[in-house]
Amino acid sequence: MKGNDLLNIMGNADYKFIAEAEIIKANKKRGFVKWVTIAACLCIAVIAIFLSNIFVLNNENTSLSQNGIKATENTSSKAFDNSPIKYSDLILADGKDNDISISSDSELCVAAFEEKFLKEEGCCMIVEGTVKNIYSKKYKYDVSDDKFEDNGVLHNIMETVVYEISVDKTWFGNDVTGQTIIVEDNSYCLDPLFKIKAGKKYVVPLFEYGNSILYSKEEKENFLSGDIVRESKFSTVYPYHPQIEVTKDSKYIVSENWKTLISEKAREIVVDLKDKDNYVYFQMYLLDGDTFKNAMNRLIDKRLN
């Protein structure tokens with residue numbers, strides 16, 4: 001079939017079918033436009049939701065950022081204050097030392113302490129408690145001695161200081177919490193501010209001195225008569241140095257010689273009293289309760305366990 005014949009046949013086609021074809025074409029076009037419109041609306045809705053979420057996230061991030069800054073500011077405002085603190089600003093309990101002064105202090109008034117003494121001196125217990133009473137006691141006894149004459153006798157006097165301590169906490173050793181224990185020393189630390197006083201609370205390392213006042217082998221062998229039975233078998237590990245004092249707000253006053261206890265959270269204590277007699281032999285520091293607890297546990301593990 002020639003091309004012209006095909007055109008003639010098509011030209012003779014029924015106009016009804018042509019009209020129907022046009023209608024179908026128009027319907028298809030409208031349907032296409034409809035779906036394009038719906039799709040466009042969906043796209044706009046999705047874009048709107050997406051932009052809305054971004055806006056919300058931005059606001060939340062901004063809020064979080066601002067809150068973070070505020071939190072940081074709050075944290076900074078609550079950061080530990082390691083600035084020096086005046087002695088007059090410490091919250092201390094009232095204390096009395098009963099004007100104790102014993103002869104041995106003329107030779108050893110205040111001497112440096114080292115943590116290794118805990119091990120070397122046989123520390124058996126570390127207690128925290130309030131000194132309810134403090135007093136001195138004199139012992140008189142005789143020993144034989146040929147230094148000045150044959151069968152000679154030396155008359156001796158020993159003076160001690162005795163503490164009655166109501167124990168609130170046992171840091172190390174046999175638990176005596178809730179008990180009142182007696183501690184007796186051959187010397188009394190004379191630091192004017194930081195010596196042990198009745199009415200104050202302390203952390204005190206102890207060792208077992210024994211039941212007899214006699215401490216040398218020679219004295220024990222040559223003892224003749226007298227009062228030699230001690231008030232207590234316990235003594236402080238090192239009586240020539242300030243013990244650790246506990247303030248009324250549960251903080252701890254520690255000397256510079258407690259190396260393990262001193263940390264970046266220890267505050268230097270500045271003695272601002274004008275009294276010339278308030279001379280301080282060692283630099284003292286203030287520790288909060290949690291810092292002291294952690295440091296004391298480290299010290300015990302390091303030196304005593």
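Q: What is the relative accessible area of lysine 233?
A: This is a predicted model in which local features need pLDDT of at least 70 and side-chain atom pairs count only at pLDDT 80 or more, while totals for chains, interfaces and linings use all residues. Residues are numbered from 1 along each chain as its sequence is written, and side-chain values use heavy atoms, with hydrogens and water left out. On the scale used here, buried means under 20% relative accessible area, exposed means over 50%, and partly exposed lies in between (1.4 Å probe, protein chains only). Lysine 233 is partly exposed, and its relative accessible area is 34%.

Q: Which residue forms a salt bridge with lysine 233?
A: A salt bridge here needs a side-chain nitrogen of Lys or Arg within 4 Å of a carboxyl oxygen of Asp or Glu. For lysine 233, the closest N and O atoms of the pair are 3.9 Å apart.

Q: How many residues apart are lysine 233 and glutamate 208?
A: Strands are DSSP runs of E with at least two residues, numbered from the N terminus. Lysine 233 sits in the loop between strand S6 (223-226) and strand S7 (234-236), and glutamate 208 belongs to strand S5. The pair therefore links distant parts of the chain, by the strand assignment above, and the separation is 25 residues.

Q: Are glutamate 245 and lysine 200 buried or exposed?
A: These two side chains meet in a salt bridge, at 2.9 Å from N to O. They join distant parts of the chain, with glutamate 245 in strand S8 and lysine 200 in the loop between strand S4 (180-185) and strand S5 (201-208), 45 residues apart. Glutamate 245 has a relative accessible area of 2% and lysine 200 has 5%, so both count as buried.

Q: What is the relative accessibility of serine 250?
A: Serine 250 has a positive phi of about 60° although it is not a glycine. Its place is the loop between strand S8 (244-246) and strand S9 (252-255). Serine 250 counts as partly exposed, at 46%.

Q: How far apart are the closest N and O atoms of aspartate 249 and lysine 251?
A: Aspartate 249 is partly exposed at 33%, and lysine 251 is partly exposed at 30%. Side chains of opposite charge can pair when their charged atoms come close. Here aspartate 249 and lysine 251 form a salt bridge with a distance of 4.0 Å.

Q: Which loop holds asparagine 151?
A: Asparagine 151 is not a glycine, yet its phi is positive, about 55°. This residue is exposed, with a relative accessible area of 72%. Its loop lies between strand S2 (125-144) and strand S3 (153-173).

Terms used
Helix = DSSP H or I, 4+ residues; strand = E, 2+ residues; numbered from the N terminus.
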